[in-house]
Amino acid sequence: MVGVVGLEIHAQIQSTSKLFSGSHVRFLAPPNSLVSHFDASLPGTLPVLNRRCVEAAVLTGLALNCTINKKSLFDRKHYFYADMPAGYQITQQRVPIAVDGILVYSHFEGRKRNQVVTKSVKIKQIQLEQDSGKSLHDDERSQTLIDLNRAGVGLMELVMEPEMCCGEEAAAAVRELQLILQALGTCQANMAEGQLRVDANVSVHRPGEPLGVRTEVKNINSVRHLAKAIDYEIQRQMEVLQSGGTVLNETRAFDSKSGFMPEPNLPPLFVYESEASVPGGVDPAQAVVIDRLSTQLPELPSVKRTRLVETHGILQEHSFTLVVFQEMWKAPEKKVGQIVKEQDLWMINDKEELQKICQRVVDSHPEEVQIIRRGNKKVLNKLMGEVQRETKGRTDPVKVRAILEKMVS
């Protein structure tokens, strides 16, 4: 039996405001401090589309060789969740902004892991949609708190066809997508901050037979965890089938809680091929024009790796490492140590300094500390995220967790 993997990736669009409102977007802002009337679904408020988000989706589609739909539509996807205040999410399920793309990625094989294998996966569609709010469960008090700061933040959902066979391939595809989004400037793709979240659809079957029943592994927030979760699920399904059992479609309950209908408050979204095709009465400067966006495409990671190999005669596997060192190419006269020092990239290993940073975070989040002490250990992740934000990711999460657990115990 072999595994079959498809991915649904939610990428937070790099924008200072939300998809349909002027509310600011900022990680770890105080709860409910970045919420407009529209975000909270108060009566009488209408959506206003953020053009920056549309351009980001088109630019991403162009980089992935997608067909850009000149006319796309918005839908309402209905939910029954507290963190969706309107009871629905605005998305583009029926006619998305981009379709039929391809992502080319590479990963290492061979006994010494030095053989570069290049593969590709089809991109079924890219659609614009809103993010939801966040629920915080307090088990001790039997209550749920809602933070709507994230509600309405612009997302691109990229749907990859089920053409990968294992966790390693899926992880390699996500890593390549991260590099592309970062090069484009359309998404920072920081998984630790929830800017890139992955749902994996996994099934197994015998070669030559129809695809098996799939299960969905949701909201994976690191590439390493993605590979492990997929391989675990493939192995679990194989064991179930080999023992005579049946794999259950564990997404049915989710699907039964949602339905689609046209979004009545938003007209069709038009994208124009060139400024000459923009109709009279529409300001070309305010229109989304494909030709104009095409000129903004930077050198993509795969092209850069090929150029390094062909120009400098280096090994293909070394080109991957050299692209992780992009700053060195921007300033070739600088040494590695100088770049690391200037950009403050050193890992913080000094225990005393780590304790001071953790103490500041604990002191500035008394409510979260009380929730943790009442038994909700999940909130510790928020404090860890704040430490990572303050140190720009230059700390060992294992060490940080150990220090925080002592401080809040």
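This is a predicted model: local features need pLDDT of at least 70, side-chain atom pairs count only at pLDDT 80 or more; totals for chains, interfaces and linings use all residues.
At 4% relative accessibility, phenylalanine 74 counts as buried. The cut-off for that class is under 20% relative accessible area.

**The aromatic cluster**

A pair of aromatic rings is described by the distance of the centres and the angle of the planes. The count of aromatic pairs comes to two, and both are listed below.

| Ring pair | Centre to centre | Angle between planes | Arrangement |
|---|---|---|---|
| Phenylalanine 20 and phenylalanine 38 | 6.4 Å | 70° | edge-to-face |
| Phenylalanine 20 and phenylalanine 74 | 5.6 Å | 75° | edge-to-face |

Phenylalanine 20 and phenylalanine 38 lie in the loop between β1 and α1 (51-63), so their pair ties together parts that are 18 residues apart in sequence. The pair of phenylalanine 20 with phenylalanine 74 links distant parts of the chain, since phenylalanine 74 sits in the loop between β3 (71-72) and β4 (75-78), 54 residues apart from phenylalanine 20. Through these ring pairs Phe20, Phe38 and Phe74 are joined into a cluster. Phenylalanine 20 has 2% relative accessibility and therefore counts as buried; phenylalanine 38 is buried as well.

**The chain as a whole**

The protein chain contains 13 helices and 14 strands. Of its 409 residues, 44% are buried. The chain exposes about 21,400 Å², and carbon and sulfur atoms supply 53% of that area. Among contacts between residues at least 6 apart in sequence, 67% join residues at least 24 apart.

**The sheet**

Strands of a sheet pair through backbone hydrogen bonds, either parallel or antiparallel. Here seven strands form an open sheet with antiparallel pairing, in the order β2-β6-β7-β10-β1-β11-β12. Strands β2 (67-68) and β12 (215-220) stand at the edges with a single partner strand each, so one side of each is left without a neighbour in the sheet.

Strand β10, residues 154-164, is mostly covered, with eight of its eleven residues buried. Seven antiparallel bridges join β10 to strand β1, residues 2-12; in this pairing, methionine 164 of β10 is the bridge partner of valine 5. Strand β7, residues 115-130, is likewise antiparallel to β10 and is joined to it by seven bridges. Leucine 128 stands opposite methionine 156 in β10, and glutamine 125 stands opposite valine 159 in β10.

**Helices on the sheet**

Helix α2 lies across β1, β6 (98-109), β7, β10 and β11 (196-205), and runs at about 115° to β6. Helix α3, residues 223-242, also packs on the sheet, where it touches β1, β11 and β12; its direction makes about 25° with that of β11.

In soluble globular proteins, nonpolar side chains tend to be buried together. The largest nonpolar core of this model has 65 residues, and those with the most contacts inside it are Leu7, Val58 and Leu128. Helix α2, residues 167-184, gives the most to this core, with nine residues. Apart from this core lies another, of 18 residues, among them Val361, Ile371, Val400 and Ile403.

Which residues does valine 58 touch, not counting residues up to four places away in sequence? They are Ile68, Ile97, Val271, Val288, Ile290 and Leu293.

Notes: Residues are numbered from 1 along each chain as its sequence is written. Side-chain values use heavy atoms; hydrogens and water are left out. Buried means under 20% relative accessible area, exposed over 50%, partly exposed in between (1.4 Å probe, protein chains only). Helices (H or I, at least four residues) and strands (E, at least two) are DSSP runs, numbered from the N terminus. Two strands pair if DSSP finds at least two bridges between them. Rings of Phe, Tyr and Trp (its six-membered ring) pair if their centres lie within 6.5 Å; planes under 30 degrees apart count as stacked, over 60 as edge-to-face and the rest as tilted. Contact means heavy atoms within 4.5 Å. Accessible areas come from the Shrake-Rupley method with a 1.4 Å probe; for residues, only the protein chains shown count as cover. A nonpolar core is a set of buried Ala, Val, Leu, Ile, Met, Phe, Trp, Tyr and Cys residues joined through side-chain atoms within 4.5 Å. Axes are lines fitted to C-alpha atoms, for helices over the stretch in contact, and angles run from 0 to 180 degrees between N-to-C directions.
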